[in-house]
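Please brief me on the local features of this model. Keep it short and grouped by topic.

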Amino acid sequence: MDRAVCIHGHFYQPSRENPWLGEVEVQRSAAPHHDWNERVTTECYAPNTAARILDADGMIEETVNTYSRISFTAAPTILAWLARHRPAVYGAIIEADRESRERYANHGSAIACCYNHIIMPLATRRDKQAQVAWGVRDFVSRFDREPEGMWLPETAVDLESLDIMAGAGIRFTVLAPHQAGMVRPIGSDVWTDVSGGRAETRMPYLCRLPSGRSITIFFYDGGIARDVAFGDLLSDGRRFAGRLLGAFSRNPDRPELVHIATDGETYGHHREFGEMALAYCLKTIEARHEARLTVYGEYLAAHPPTHEVTVREGTSWSCIHGLERWRGECGCNCGTHPEWSQAWRGPLREAVIMVRDALAPRAAEALALLVRDPAEARDDAVALALGRWSDEAAAAFFARHALRALSPHEQRRVLTLLEMERQTMLMQTSCGWFFDDITEPGSVQVMRHAGRAMDLARQALDLDLEPGFIGILRRAPTNDPGYATGAAVYEAEVRPRAFDLVRLGAGAALYTLFDIEHPATAPGMYAFRGAWRYRSNVGGCRRILGTVRVRSRATGEETLLDAAAFFSGMDRIVFGVRESGGEEALRPVWVGLMGPDPAGTISGTFDRVYTASDLSDEERWAIARRTAPGLGQAICTVYRDAAALIRAIEDLGIPLPGAAAHLLAHAKTTRLLAMLNDGCPDPDRFFALAEEMRARNLAPDLAALGEAASRRITLSLRAAEDRPEDPAPFEDIVRVFGCANVFGLSFTLWESQNIFIGLRGCYADMEQRAARGDGGAERWAGAFRRAAACLGVRVA
């Protein structure tokens, strides 16, 4: 009989975007990465698109896109971020689903997810409907097919949510084994109690719903899943496969599915090299022929349920108390601070519910005056986000839903109300209550979404809920002695991150001063149109002056401003804005900016003025990265001025002062970097300089050298792609490795190895040509083999 294995990865990250910007700002805790999305992508999402399988010698034998072989959750919030910031990774995930359909009888490996991961049993029916509708629409827009399955956030389950999912065409979901209540064969009147995790997990079950609909439920193997997520099963891919294959019963007379579900981030982020163990596990299962790999949709089509089940409503996979982790002090925590109190969870939930319940009826009432059906319009509003709030997306939306021809003001009102509704859903994201304190990023994020929803309510409904919200948060104790209550967290971490159009316009001047695109542009929520008529960058000072039109594409609100910025160092930044006064009003301002007191000119001319202390972390990060190269140039300038003195000190045998030694080491490192950037055309010069630094006990910047070498190797491989018969790029790689190994540098080779593996198909042809006496092909094949050895990749 049919025996199959399915591994499900719940790949998910919450919304981390600043709700006023639509973009993720720098997160210090994710260093050295910009933010946690970037970090988890580097450690997990990207590696799983090309997971390494090594041979006995530790060489890369092949790579596997694990997404094409496992089942995985396609969570909208992280996929939207990947599409903007890591399009290659995003594309590989989408392509993996297409490949899986070929492998699994036209059933894809991706399943949908409730839109922004709210705890569905704690939501209103109205929000449940939107979460499912938005999750399905997001999935279809990305994978170009209807989803068969949908993941319930934290597997938190209730019958109403299952019924709404079934009504949307969802055929199955996945739950933990302890969430099963009673089972019976279909057609039987006798129920068997399987609570406490006693359900047979190797078969699907039919769950009958109050409306008369039904949905299939797969209960995963809890023991194996626990050992993958929290044990050491990922230390050995072969053992992982053996554990799965050993979980089948001894009864060969019925089809069986052994399947597990864990956080997808287990494979690489939570467990380093977990993606490699997963890839080897998949390969081992395929090679042993004891069972086949499958995904839920394929297995369900071949083996419909023979039994039905009742679910234990109000349960989840990550709280043994049911749903209390997301509303009370149940004791569930992340393990880092088990002694901390979770008494903050109740007030935070109460505050969010207050905002939700206050806004929902008022929004529906206001929308009813402008759209045909407020509920349908709300469920369809995801089209605006998927269209990146473009004018075309808005026009199409109004064509579908407007009660009549709406004025521009009325259109702005509709957009504002719908954006308010979106924020009220985002403020219910499960991560707000999952972790150990209200000061942690997940909780701060839901408060930010609540803050944005209340901000929009003031605009659209003339309703101010913030005093009441803060009042409730005063009852939320914190575990961080730096904050008295949740209200203090809100004041410190939410309010300073609120950006109105005026502040965005001021930021536009600052970013343009450094030729940086405003981060609010990328997600499409805002459009900036600047006319920067005056600009200067001389004497280490930067100045800019002009006009900027800022438009919120999410709400239709816009303004035209005069804006100016001045920079003469990270602690000497002044920028400001005012209502636009026309070209003539700018000329005297520029005269002042070019005078002896540009900062005073801005302070005395503009209505809203900001200084270095007002910069957001994102603004500081962007400016620091753009100006950091100037630090190296400044050091080189100092060295040139001091070079003669340093040579004299050395010639006289006087020990170099520490500062002089650092200057000399920087100068030598700069020369080494230049050689690496050029591909080390003269290795002897590199070796000589390296030996000189060793002899003089000068410490090179190993991190910078490693980055330069890695970057050059990638550039050489891209050149090899463009020039498929030229051996020079491979020879460059060998030289760079040879030079870099003098210092034992650490390389970042993931992208380079992927490119090289893609070139292996050329090797056999070159070998054949070399065997026929083609000297050029012989040189190419030899260089290719040497580069392969350096990169740790098996040639064939």
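Where is proline 32 found? Proline 32 sits in the loop between strand 3 (23–24) and helix 1 (36–45). Helices (H or I, at least four residues) and strands (E, at least two) are DSSP runs, numbered from the N terminus. This is a predicted model: local features need pLDDT of at least 70, side-chain atom pairs count only at pLDDT 80 or more, and totals for chains, interfaces and linings use all residues. Residues are numbered from 1 along each chain as its sequence is written, and side-chain values use heavy atoms, with hydrogens and water left out.

**Backbone features**

- A cis peptide bond joins alanine 31 and proline 32. Its omega is about 10°.
- Threonine 155 is not a glycine, yet has a positive phi of about 50°. Threonine 155 lies in the loop between strand 8 (150–151) and helix 5 (159–167).
- Threonine 155 is buried, with a relative accessible area of 0%. Buried means under 20% relative accessible area, exposed over 50%, and partly exposed in between (1.4 Å probe, protein chains only).
- Aspartate 462 also has a positive phi, about 55°, although it is not a glycine. Aspartate 462 lies in the loop between helix 16 (441–461) and helix 17 (466–473).
- Aspartate 462 is exposed, at a relative accessible area of 72%.

**Helix 16 against helix 17**

- Two packed helices are described by the angle between their axes and the distance between the axes.
- The axes of helix 16 and helix 17 come within 10 Å and cross at roughly 155°. That makes helix 16 roughly antiparallel to helix 17.
- Helix 16 contributes Met447, Ala450, Met454 and Arg458 to the contact. Helix 17 contributes Glu466, Phe469 and Leu473.
- The contact residues divide into five nonpolar, no polar and two charged.
- Axes are lines fitted to C-alpha atoms, for helices over the stretch in contact, and angles run from 0 to 180 degrees between N-to-C directions.
- Angles under 35 degrees count as roughly parallel, over 145 as roughly antiparallel, 65 to 115 as roughly perpendicular and the rest as oblique.
- Contact means heavy atoms within 4.5 Å.
- Ala, Val, Leu, Ile, Met, Phe, Trp, Tyr, Cys and Pro count as nonpolar, Asp, Glu, Lys and Arg as charged, and the others, Gly among them, as polar.

**Salt bridges**

- The structure holds 70 salt bridges. The term covers a side-chain nitrogen of Lys or Arg within 4 Å of a carboxyl oxygen of Asp or Glu.
- Arginine 475 and glutamate 350 meet through their side chains in a salt bridge (2.8 Å, N to O). Arginine 475 lies in the loop between helix 17 and helix 18 (486–493) and glutamate 350 in helix 10 (residues 345–368), so the pair ties together parts that are 125 residues apart in sequence.
- Arginine 475 is partly exposed, at 47% relative accessible area. Glutamate 350 is partly exposed, at 37%.
- Glutamate 421 forms a salt bridge with arginine 378, with the closest N and O atoms 3.3 Å apart. The pair links helix 14 (residues 408–426), which holds glutamate 421, to helix 11 (residues 374–380), which holds arginine 378. The two residues are 43 residues apart.
- Glutamate 421 is buried, with a relative accessible area of 3%. Arginine 378 is buried, with a value of 3%.
- Arginine 785 and glutamate 767 meet in a salt bridge (3.1 Å, N to O). Arginine 785 is in helix 29 (residues 775–791) and glutamate 767 in helix 28 (residues 763–771), 18 residues apart.
- Arginine 785 is partly exposed, at 37%. Glutamate 767 is partly exposed, at 31%.
- Salt bridges that share partners join Arg452, Asp455, Arg458, Asp464, Glu466, Glu491 and Arg495 into one network.

**Glutamate 265**

- Glutamate 265 is placed in the loop between strand 14 (256–263) and helix 8 (274–288).
- Glutamate 265 is buried yet has no salt bridge. The nearest side chain of opposite charge, arginine 16, is 8.3 Å away. Lys and Arg count as positive and Asp and Glu as negative; His and the chain ends are not counted.
- Not counting residues up to four places away in sequence, glutamate 265 touches residues including His10, Phe11, Tyr12, His270 and Arg271.

**Serine 716**

- Serine 716 is found in helix 25 (residues 702–722). Serine 716 is buried, with a relative accessible area of 2%.
- Serine 716 touches Pro729, Asp732 and Ile733, not counting residues up to four places away in sequence.
- Serine 716 and phenylalanine 784 are 68 residues apart in sequence and 12 Å apart in space, C-alpha to C-alpha.
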